[in-house]
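Subject: Structure handover and findings

Hello,

Here is the structure I said I would pass on. Please load it and keep it open while you read.

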Amino acid sequence: MNILIIEPDKVLSNIYINAFKNLGLDIYIAKSAQAALTLADGYPPSLVILEIQLVEHSGIEFLYEFRSYSEWKEIPIIIYSCIPVQEFNNNWQILKQEIGIEDYLYKPKTNLKQLIKLIKEVTSKQSETIKY
Amino acid sequence: MARVLRLENETPIISQQLLLNIAEELKMPLLRIARANESSLFDDQMNLQSSEIIRTSTDNALKLIDNYILGIRLALEDASFIKESVSVSSVLYDAALDLTSLAKINGVELELNIAGKFAPVAVNREALHAALVSLGAALIEAIPAHENIQMKLQLATHRSRYGIVAGVYAQTKQLSEQTLKMGRRLQKTSRQPLLNLSHSNGAGVFVADSILNSMGLKLTSSRHHNLYGIGTILEPVNQMQLIT
């Protein structure tokens, strides 16, 4: 099972690679929206973890672009960002409905343990879906 | 709405927006510290790497705060910041030493290009050093977020027709006057004023800007060989060559 992590910060992405290495998942890290689309094309992800604040194209642009491809419409996406969800105000609900987001996690308030727990939950749901 | 505290003569002293940027920027080193600490608990082998991340991120956060404070003190015209005869090359050398660990944990190769003999400049050494470190740190963190550019940053000096340029250079065209102009304009309204350059709010660039401004200098774009960069132009003081 492939997980695509979109994280521009080099140090944090190294930490994720180390923290997730025992989950039995193949981790792919992209630092930009464009690189993420290319990676997703080559290694279809079962889950996407996204930081919204990226260089050049934002995470929001990535979301719309990603969902525009039929094969990626159902792939769960977790936003794991330095931007608190409150900053989106009512737009968040619109975005959630339009794009379909599994969860929005605020980085300073979500530690690795909590993130791993959520990854496990989402990927186990995915495996069940695949079985059926 | 951003407010600016002013002295009686209307000199801006404390930009709440810059303070807000710094508070936001400090999330990143603190996040790195917290996650590196947590990650070291998963795996004994990570301990050494994590302690390096924790040490460097802490140092970097403290430097950002110190440099911000220095900018404010300069703006308040603190008399202790007198101009002195300074060798630009030696300031760049010291700045490179300060940035080495940060570059290492970000996978950025740091180069120093101070070849050539330049006349000293009259500037406050501590403030120039702080501005270059602040700028360098911001770019070291910004470069790895770009695709298809060399993970190299060069601290360099050269002569131009306007004076001696001291700056920080990389392969990215985003280090341009336009990026700076747009950044300064968007600083009040955007989370990512340097959108094409940095994934963070680039507080370090604005701190460097405020320090240089307070000394009557300017942060500006410049080219060094085939690299793009930002830095400042310093006026050489040839008379001082005799006493250095």
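Below is what was found, taken region by region.

Conventions come first. This is a predicted model, in which local features need pLDDT of at least 70 and side-chain atom pairs count only at pLDDT 80 or more, while totals for chains, interfaces and linings use all residues. Residues are numbered from 1 along each chain as its sequence is written, and chains are lettered from A and ligands numbered from 1 in the order in which they are written.

**Helix α5 of chain B**

Helices (H or I, at least four residues) and strands (E, at least two) are DSSP runs, numbered from the N terminus. α5(B) has 18 residues. From first C-alpha to last it reaches 26 Å, close to the expected 26 Å. That expected span is 1.5 Å times one less than the number of residues. The helix is mostly covered, with 16 of its 18 residues buried. Buried means 20 or more other C-beta atoms within 10 Å of the residue's own; exposed means 12 or fewer; partly exposed is in between; C-beta atoms are placed from the backbone.

B:Ala138 lies in this helix. It counts as buried because it has 26 C-beta neighbours inside 10 Å. Leaving aside neighbours within four places in sequence, B:Ala138 is in contact with B:Ser198, B:Gly202, B:Gly204 and B:Val205. Contact means that the C-beta atoms, placed from the backbone, lie within 7 Å. The C-alpha atoms of B:Ala138 and B:Ala208 are separated by 9.7 Å, at 70 residues apart along the chain.

**Packing of α4(B) on α5(B)**

The axes of α4 (residues 88-105) and α5 (residues 125-142) of chain B come within 9 Å and cross at roughly 35 degrees. Axes are lines fitted to C-alpha atoms, for helices over the stretch in contact, and angles run from 0 to 180 degrees between N-to-C directions. The crossing is right-handed: the near helix is turned clockwise from the far one by less than a right angle. Residues making the contact include B:Leu92, B:Leu99 and B:Leu102 of α4(B), and B:Leu128, B:Leu132 and B:Ile140 of α5(B). The contact residues divide into 11 nonpolar, 2 polar and 3 charged. Ala, Val, Leu, Ile, Met, Phe, Trp, Tyr, Cys and Pro count as nonpolar, Asp, Glu, Lys and Arg as charged, and the others, Gly among them, as polar.

**Helix α6 of chain B**

In α6 (residues 177-186), B:Thr179, B:Leu180 and B:Gly183 are buried. These buried residues fall within an arc of 95 degrees seen down the axis, so they line one face of the helix. The arc is that of the directions from the helix axis to the C-beta atoms. On the other side, B:Glu177, B:Gln178, B:Lys181 and B:Arg185 are exposed. The cover over the buried residues includes α7 (203-214), β8 (219-224) and β9 (227-234) of chain B.

**Interface**

The contact takes 22 residues from chain A and 24 residues from chain B. On the side of chain A that touches chain B, α1(A) gives the largest share, 6 residues. By class, that side has 12 nonpolar, 5 polar and 5 charged residues.

**Positive phi**

Most residues other than glycine have a negative phi. A:Glu56 has phi near 65 degrees. A:Glu56 is in the loop between β3 (47-50) and α3 (59-67) of chain A. B:Asn148 has phi near 55 degrees. B:Asn148 sits in the loop between α5 and β6 (152-160) of chain B.

Best regards

How values were computed
Two residues are in contact if their C-beta atoms, placed from the backbone, lie within 7 Å.
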